[in-house]
Amino acid sequence: MRYKVEPDLKQDLKKFGIHDEWKDCFHCGNCTAICPLTENNFLFPRKAIRNVQMGLKDKITSNLDPWLCYYCGECSETCPRDANPGELMMTLRRYLTSKYDWTGLSRKFYTSHFWEFGAIIFIAAIVVALFAIFLPPAADLMLNPKNFINEQGGVMINNLSATFGGDNFVSIIEWGDWTMAIIVATLLITNILRMFYKSIIKDYTIKVPFGSYFSEAWQLVWNFALQPKFSKCDKKSYWIGHLLLMSSYSIMFAIIVVLLPKFQIEEIKPWYNWQRILGYYATFGLLFFLIYVSIKRFQAKEVSTKYSHITDWLFIIMLGLTTITGILVHFFRIGGLPGATYYMYVIHLAILVPMILIEVPFSKWSHLAYRPFAVYFSQLKKAAYKKQSSVKIAVAA
Amino acid sequence: MKSIVKTVICTVKTDGDYSHLFDYEDIVHYADHIEGVLKVLDISKLPVKSPLQLSEILRETGADRIVIAGIHPGMHKGIFANAMLRIGKKAEDVILADFTEYAILNGKSTEMAKAVLLCAVKGIEPSSVLIPNEYEIMPDTLVIGGGIAGIQASLEIANGGQKVYLLERTGTIGGHMAMFDKTFPTLDCAACILTPKMVEVGQHPNIEIITYSDVRKVEGSPGNYTVTIHKKARRVDINTCIGCGTCAEKCPRTAPSEFDSKTTLRKAIYISFPQAVPNKYLIDADHCTYVENGKCGVCVKVCPVPDCINLDEKDTEIKIKVGSIIVATGFKVFDASRATQFGYGKYPNVLTSLEFERIINASGPTDGNITFRTQDKKGNWIFTKDSGEPESIAIIHCVGSRDEHFNKYCSKVCCMYSLKLAHLVKEKIHHADVYEYFIDMRAFGKGYEEFYERIKGEGVHIIRGRTAKIEQKGNKLILRSEDILNEKIIEQEVDMVILSVGLEPTEDSKNLASLLGLQTDNSGWFNEANYTIDQVNTYTGGISIAGLCQGPKDIPDTVAQASAAAARVLQRIIRGSVKGSIKDLSLRFVEEKIKALM
């Protein structure tokens, strides 16, 4: 197998990351040895640095290593050359996201502020316009706000719209939810197929045994839910924090997409109701993690939060705004303020929708799908290596 | 040339390393007032540096000659030569005024730049005017540092018939080389080479050894220095002590032995090693009970020589007059506990190479047996003869060297001495497994590559990959590293780890540099006059440098440099004068000299 050297790769990578200190690497192997996650055949980050230094684009795109790294930063802390291998892995994740994405939008969002902000504003405008055209506020929302308050003193959220009163409102929002979910899922699944093609099919050095596709499938669920690999990093607090965030937004996703008809109802349940408890847990989890990460990124003391790409900040800001507007909707509703509830609801969606449509398939948040699949694919590769080495031994014997 | 040549001066200000050392505005102002200068042009302010544009300017001014002044002005000569040809003038009339070599003269650089510029305008070679003063020289020489470099330099000068003062900070000369077991690549016994030289120094009529002392003040000019030396109280009379050792036998206090790099204990009254020169005892005031609280004095009671030990002796200062100084202060090894990932100071069987050098030495604390470090009754971690033998030893290269967190430079000797240690281990324990972890193997020099091949042939496992961390499990140490050439992560279990620590300038080298007016580089090594062609002289006339204090090097290089430094000193003494520093020149002096020449 011959690999083509692409000298321009270095210039290209610069657009995805802030630093190019990996040029200084003299390949002592310290980063690989200090990393608790690296294994034989998956010797990152040094081999990734080597591929980048050599400009071996095919090797980089077929490489899953960047997804197996959780960026605890130990490699960068102990690197004798200050070559910052951890940040290179982060940069490569951005680069790979853009390579997996067939629409080419991911690359645009990562490399151009104009595209990134333009897309967010564009989608937000569409959301606002859709509300203005199809679900405008009921005419008497301003005149007789009392009409929209139920006997519990809360806002009747599903009656706020003029065109579609009653249950229609929630079913339209639910319909929108599912449309969005299907768009995102289609993009992610096609991208994952491309990832599979690039990393397994195009890796001519391996041949995956068919049975392992099924026997390793449990890795997907297991790694998606608990990130057991992350827990092997020496800095356990990162894992716990990440788990808190992940469980929070998973719950939120379930509530606002899958269970929306049960969640967005007129009746205000008592505070100890399981729905409300879950909602509060998720809100708390999101807020706590966002504040924690913002402080860390602002201080920029530890390696893993030292170098913040614009997309890192954007993710935090948008998730934060979504959370805050969500909280406001909740309290305006309980407080019996129909007008405020309605407009805050629109603002909430005008932030939430672009965040999901841009961050999940094209940007930072895509790692929620790529990471577990990368672990799964790496297990397939491992199975292939195992089989190959046993074949070699048999031949030798 | 009596007539005034019309000249245009172009200054070149680059963003390089040295430009900030010059006051360009001042230089331009000065250049404006030189007779015959038509225009001073700052070409870094020109939007385009094209020959066409420059020839326009030259034609306007009607210049006959251009002087390009700045750091490495030769880089721009092509454009200017082209411009001159365009207006029908000769390309030879582009004259360079290069400031580069004067950048290092702290505070004097601008003045010297002006002088060089003046020379260029007047059409005079700077080297024919910028000649430093010659000073008459005192024949005596001071050598600071009694290691192999100092010993070699002293012997060369003394054998040439000149008086040498050899100053040493510790109680004995010998330095680091006396601590080593073998030298690479010949595997000669270090002591067998060094001790005869030490004895020769000790007995030489032309050498006066001043031990346990350091330099406090240096006054005077090249060729005539008055050096104030602080002599720490030895508390034992160096003239009457017979070196019998009765005092040390009875002394109740112990302290870690510096000579054995703290692998064993010595008494408070001690002699560094049996071959010490001068072979006289001394009292370590930091550990002496009498010095601490005035009670004890056992040594005085048992000493067979009357009035030999004077526990109340005070530090003294002496002044000597010398003509030349050779600085040979050597190095210190990197403090391995700073590299926390290796657990030095935490795990008892993680050693530095210097410690291992002592325990493998036949005259060391274990009589040359490789044993484990154990705790004695008082809680000191020391080596004893009978604490068991390691079966496997790992040697880690580049500890404290080639590391952005500590020292960026390569310490040059570690690869070779690590190979030597691997050989010595194999020699002492045939069945031992020896693992070497290196980043790059630097076997430069005569016979070194062959030595490397030889060690590989002896069955030492030589692995490319830096050890990331060491952990202790039971009595075993586990090293985790990447075997880069095999593309495997390896976790190796060994009994003992040797850290090949790098070399660093001594703590007081900065202080000494300021006393002597020397410059140090970013790492703290003394700057030489010219790295390629003059490694022994400094910019301060009359002061030479030799050995490790100039930069990491091995023993053969050190000895060669020491001899070279001695040759420079002898050269000055034979000529009877010493060239002063170019720093001592003044602009007015140069101006007057040029006026006289015109």
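Student: In chain A of this predicted model, what distance separates the centres of domain 1 and domain 2?

Tutor: The domain assignment of chain A gives domain 1 as residues 9-100 and domain 2 as residues 105-382. Taken over C-alpha atoms, the centres of domain 1 of chain A and domain 2 of chain A are separated by 29 Å.

Student: Which helix of chain A gives the largest share of the side of domain 1 that touches domain 2?

Tutor: In chain A, 27 residues of domain 1 are in contact with 32 residues of domain 2. The elements that give two or more residues to this side of domain 1 are helix H5 (65-68), helix H6 (74-78) and helix H7 (85-100) of chain A. The residues of that side divide into 12 nonpolar, 9 polar and 6 charged. The largest share, 7 residues, comes from H7(A).

Student: Is Asn84(A) buried or exposed?

Tutor: Asn84(A) is found in the loop between H6 and H7 of chain A. Its phi is near 55°, a positive value in a residue other than glycine. A residue is buried if 20 or more other C-beta atoms lie within 10 Å of its own. Because Asn84(A) has 29 C-beta neighbours inside 10 Å, it counts as buried.

Student: Which residue does a cis peptide bond join to Pro278(B)?

Tutor: Pro278(B) is found in the loop between strand E15 (269-270) and strand E16 (282-283) of chain B. For the cis peptide bond of Pro278(B), omega is about -5°. The residue joined to Pro278(B) by this bond is Val277(B).

Student: Which residue does a cis peptide bond join to Pro45(A)?

Tutor: Pro45(A) lies in the loop between helix H2 (30-34) and helix H3 (46-54) of chain A. The cis bond has an omega of about 0°. The residue joined to Pro45(A) by this bond is Phe44(A).

Student: How many residues of chain B count as buried, as a percentage?

Tutor: Chain B has 15 helices and 32 strands, and its C-alpha atoms fill a box of roughly 90 × 65 × 40 Å along the principal axes. Residues 24 or more positions apart account for 69% of the contacts in chain B with a separation of 6 or more. Of the 598 residues of chain B, the share that counts as buried is 46%.

Student: Which element gives the most residues to the largest nonpolar core?

Tutor: The largest nonpolar core has 133 residues, and Val143(B), Ala153(B), Val327(B), Ala328(B), Val497(B) and Leu499(B) touch the most other members. Among the residues that Ala328(B) touches are Val143(B), Ala153(B) and Ala562(B). With 9 residues, the element that gives the most to this core is H11(B).

Student: Is Ile396(B) buried or exposed?

Tutor: Ile396(B) is found in strand E23 of chain B. Leaving aside neighbours within four places in sequence, its contacts include Phe342(B), Tyr437(B), Val497(B) and Leu499(B). Because 26 other C-beta atoms lie within 10 Å, Ile396(B) is buried.

Student: Where in chain B is Tyr409(B) found, and how is this residue classed?

Tutor: Tyr409(B) is found in the loop between strand E23 (392-399) and helix H11 (414-428) of chain B. Beyond its neighbours within four places in sequence, Tyr409(B) is in contact with Ser401(B) and Ser523(B). Since 17 other C-beta atoms lie within 10 Å, Tyr409(B) is partly exposed.

Student: What is the handedness of the β-α-β crossover from E24(B) to E25(B)?

Tutor: Strand E24 (residues 433-438) and strand E25 (residues 461-464) of chain B run parallel and are joined by 4 bridges. Within this pairing, the bridge partner of Glu436(B) is Ile462(B). The chain crosses from E24(B) to E25(B) through helix H12 (residues 448-457) of chain B, and the crossover is right-handed.

Student: How many charged residues has the side of chain B that touches chain A?

Tutor: In the contact between the chains, 18 residues of chain B meet 17 residues of chain A. Strand E26 (467-473), strand E27 (476-483) and strand E28 (488-494) of chain B are the elements that give two or more residues to the chain B side. By class, that side has 4 nonpolar and 5 polar residues, and its charged residues number 9.

Definitions and conventions. Residues numbered from 1 in each chain as written. Chains lettered and ligands numbered in written order. Predicted model: local features only at pLDDT ≥ 70, side-chain atom pairs only at ≥ 80, totals over all residues. Buried ≥ 20, exposed ≤ 12 C-beta atoms within 10 Å, placed from the backbone. Contact = placed C-beta atoms within 7 Å. Domains from an automatic or database assignment. Nonpolar A, V, L, I, M, F, W, Y, C, P; charged D, E, K, R; others polar. Pairing = 2+ DSSP bridges. Right-handed = clockwise from strand over helix to strand, strands pointing away. Core = buried A, V, L, I, M, F, W, Y, C linked by C-beta atoms within 7 Å.
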